[in-house]
Amino acid sequence: MLLELKERVIFQGSTCTFSEAILRECGFRTGLFTSPHLMDVRERYRINGSDISRENFLHYFWDCWNQLKEKAGDDLPMPPLFHFLTLLAFKIFLSEKVDVGIIEVGLGGRFDSTNVVKEPVVCGITSLGMDHMEILGDTIEKIASEKAGIFKSNVPAYTAPQLPEAMFALQESASTLKIPLRVASPLDSKMLHGLKLGSAGDHQFINAGLAVALCKCWLQRTGHPELLSNVTEDLEAALPEAFLRGLSSASLPGRAQIITDKPEKSDLKSEWDRNSGDLIFYLDGAHSPESMEVCARWFSNAIRDDQHSIKNDLVKECYGHYNSQNDSRHCNGSDKISQKILLFNCMEMRDPQLLLPRLISTCASSGVRFSKALFVPSLSTYHRVDSGASVVTPDTSTDVSWQSTLQRTWDKLMDGIDVTSGNACKFQNFENSPSSEFLNGDPLEKWDPPGRHFAPSAVIPSLPLAIKWLRDCAKENPSLRLQVLVTGSFHLVGDIMKLLRR
């Protein structure tokens, strides 16, 4: 099967999405395999930029499953979940007759199931950090060495700029295989000619630069040099229109995504706008120290851009009132009080003492401070594969001991004291009568734990209850603008997206 798939690219992260969009805009039929999925397993499989249809997915799934089941036995068991999903990706791509398959590695390394591809057209490695240390190693050098396991003899390799220790390990692996390792420079925003990257965040210029280099290599090696007339090795020349269209349209859900929460029924929206506060969710599945810092920078910039947008809208509104109505009304500025809320969870294998300090310090350096923090368990589990159509109901019996640990870590960071579980904010204070009191307490920098009624954090045993509480707070307080950063886990982000469907 693998030998029949003629054109393949292997690399990681958002770079995959940029590359898929570029090559699709160049006129090729594309297949994209990514992970994890947030709401529906079909998100992992994109054909020509769209999730595979439910009918086709079920057809390929059961065909693949039944063939494996027929041959399974004690000496040849059914493959683990991710192995099966990877095999299914290859089957889908072959059946759909794609011109190019863009494959995101799982954990990324020698033993990743995607690494069965023996002769990809090109390989790439994005910026590395301290992630999956329980499997890949506890130093950046060890992690880089494992990641470099996707390199192949006679296959060009590219990487984004790396820390010196990581770069040394990657170069050592490339040297052993006698292949050159090229470093792709971050994309210069000027090359977009006023367009914006489809995925937000300054770090995406690094991913975009790598994607451009990889797509250039793929086009050259597959005999399509005519599409590269304006692309040079150092990326100084103008990009082709197809590259620009791809870079500006590529995006993945749950990565630097902003959702404004509003009633689903259109007849309620105008009343909501008049009588309720704003509730805005900022979603990013960051779960490593490096990605948490990137997430914090994105959130801080998004908050700044939001403030500028509000000011501009107010100026336009006031100008329109003055000219069109010539009345005595005037603008006093936005009457919304902005509150930054953190909604957080991470898997127990993560170390919150590595994640939360990066988030707090990076946001603080941009003048962004969280008013409150909510710690809540995810609804999904890491092994679940479902259609995303199941109804989720609140469950207050969930074990929240891990979330209490996260809360104590947060409080210790914020207050410089070790907050015991006895001092933790009890959710039953809000459960039956959600109100604004928790949000309207003094800012964290003025909070005095022994003498204040309001705590800066809370453990909430159910994600649906947390969403309901936030919505009720916004509904009861027209003067509030709640800006909720949801991060720490893709599972948490996916669950939020399901719940916001209403």
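User: If contact means heavy atoms within 4.5 Å, which residues is T409 in contact with, leaving aside its neighbours within four places in sequence?

Analyst: With those neighbours left out, T409 is in contact with P352, Q353 and L356. Please keep in mind that this is a predicted model, in which local features need pLDDT of at least 70 and side-chain atom pairs count only at pLDDT 80 or more, while totals for chains, interfaces and linings use all residues. Residues are numbered from 1 along each chain as its sequence is written, and side-chain values use heavy atoms, with hydrogens and water left out.

User: Where is T409 found?

Analyst: T409 is found in helix α12, which covers residues 401-415. Helices (H or I, at least four residues) and strands (E, at least two) are DSSP runs, numbered from the N terminus.

User: And is T409 buried or exposed?

Analyst: T409 is buried, with a relative accessible area of 13%. Buried means under 20% relative accessible area, exposed means over 50%, and partly exposed is in between, using a 1.4 Å probe and protein chains only.

User: What does the side chain of T409 reach?

Analyst: The side chain of T409 reaches the backbone oxygen of T405 at 2.9 Å. That is judged as a polar contact, a pair of N or O atoms within 3.5 Å; within protein, one must be able to donate a hydrogen and the other to accept it, and residues adjacent in sequence count only if both atoms are side-chain atoms.

User: P352 came up just now. Which residues of α11 are buried?

Analyst: The buried residues of α11 are P352, L355, L356, L359, I360, T362 and C363. At the start of α11, a side-chain oxygen of D351 reaches to within 2.9 Å of the backbone nitrogen of Q353, and just after α11, G367 takes a positive phi of about 80°.

User: How far apart are the end C-alpha atoms of α11?

Analyst: They are 20 Å apart, which agrees with the 20 Å that the 14 residues of α11 (residues 352-365) should span at 1.5 Å a residue. The expected span of a helix is 1.5 Å times one less than its number of residues.

User: Switching to α13, how many of its 14 residues are buried?

Analyst: Eleven of the 14 residues of α13 are buried, so this helix is largely enclosed by the rest of the structure. Among them are L463, A466, I467, W469 and D472.

User: Which residues does L343 touch?

Analyst: Not counting residues up to four places away in sequence, L343 touches several residues, including L463, A466 and I467, as well as V484 and V486.

User: How many aromatic pairs are there?

Analyst: Rings of Phe, Tyr and Trp (its six-membered ring) pair if their centres lie within 6.5 Å; planes under 30 degrees apart count as stacked, over 60 as edge-to-face and the rest as tilted. By this rule the count comes to 16 aromatic pairs. The rings of F344 and F375 have their centres 6.2 Å apart and their planes at 75°, so this pair is edge-to-face. F344 lies in strand β11 (residues 337-344) and F375 in strand β12 (residues 372-375), so the pair ties together parts that are 31 residues apart in sequence. F344 is buried, and F375 is buried too.

User: How many disulfides does the structure hold?

Analyst: The structure holds zero disulfides, where a disulfide is a pair of cysteine sulfur atoms within 2.5 Å. For C217, the nearest cysteine sulfur is that of C123, 9.6 Å away, and C217 counts as buried at 4% relative accessibility.

User: Last one: which residues does a cis peptide bond join?

Analyst: A cis peptide bond joins S35 and P36, with omega about -5°, and P36 lies in the loop between β2 (30-33) and β3 (45-47).

Methods:
Contact = heavy atoms within 4.5 Å.
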